[in-house]
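Hi,

Here is the structure I promised to pass on to you. Have a look at it first, and my notes follow below.

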Amino acid sequence: MRAIFAGLPWWVKWVAVPVIALVVFGGLIATVVGFVIALLFKVLVFVALVGGLIYIVRKFMSNSWSRSDW
């Protein structure tokens, strides 16, 4: 592979080849990036909901204990 790129100008290696790769695989890259972002968003929503549930349950349990002290 290095022998193929050895005689080529720098702009072919660093500009033309990446642009061709983005054109060919752009849809695939966009799909993978979109999937990862959607997955991270769902994980974030899950963590927020579980954290909120734990907060509400602890708040309710502390209120019920203080009421029973009366």
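Predicted model: local features only at pLDDT ≥ 70, side-chain atom pairs only at ≥ 80, totals over all residues.

**What I found**

The C-alpha trace of the protein chain spans about 85 × 20 × 15 Å along its principal axes. Its radius of gyration is 27 Å, whereas a compact globule of 70 residues would have one near 11 Å.

On to secondary structure: the protein chain has 2 helices and 0 strands. One of the helices, α2, covers residues 10-68, and G27 lies within it.

As for the surface, the protein chain exposes about 6600 Å². Carbon and sulfur atoms supply 80% of that area.

I also looked at one residue in more detail. Is G27 buried, exposed or partly exposed? G27 has a relative accessibility of 49%, so it counts as partly exposed, given that exposed means over 50% and buried means under 20%. Going along the chain, G27 and A16 are 11 residues apart, and 18 Å separates their C-alpha atoms.

Best wishes

Definitions and conventions
Residues numbered from 1 in each chain as written. Heavy atoms only, no water. Helix = DSSP H or I, 4+ residues; strand = E, 2+ residues; numbered from the N terminus. Rg over C-alpha atoms; globule rule 2.2 N^0.38 Å. Areas by Shrake-Rupley, 256 points an atom, 1.4 Å probe, with all protein chains shown as cover. Buried < 20%, exposed > 50% of the residue type's maximum accessible area, 1.4 Å probe, protein only.
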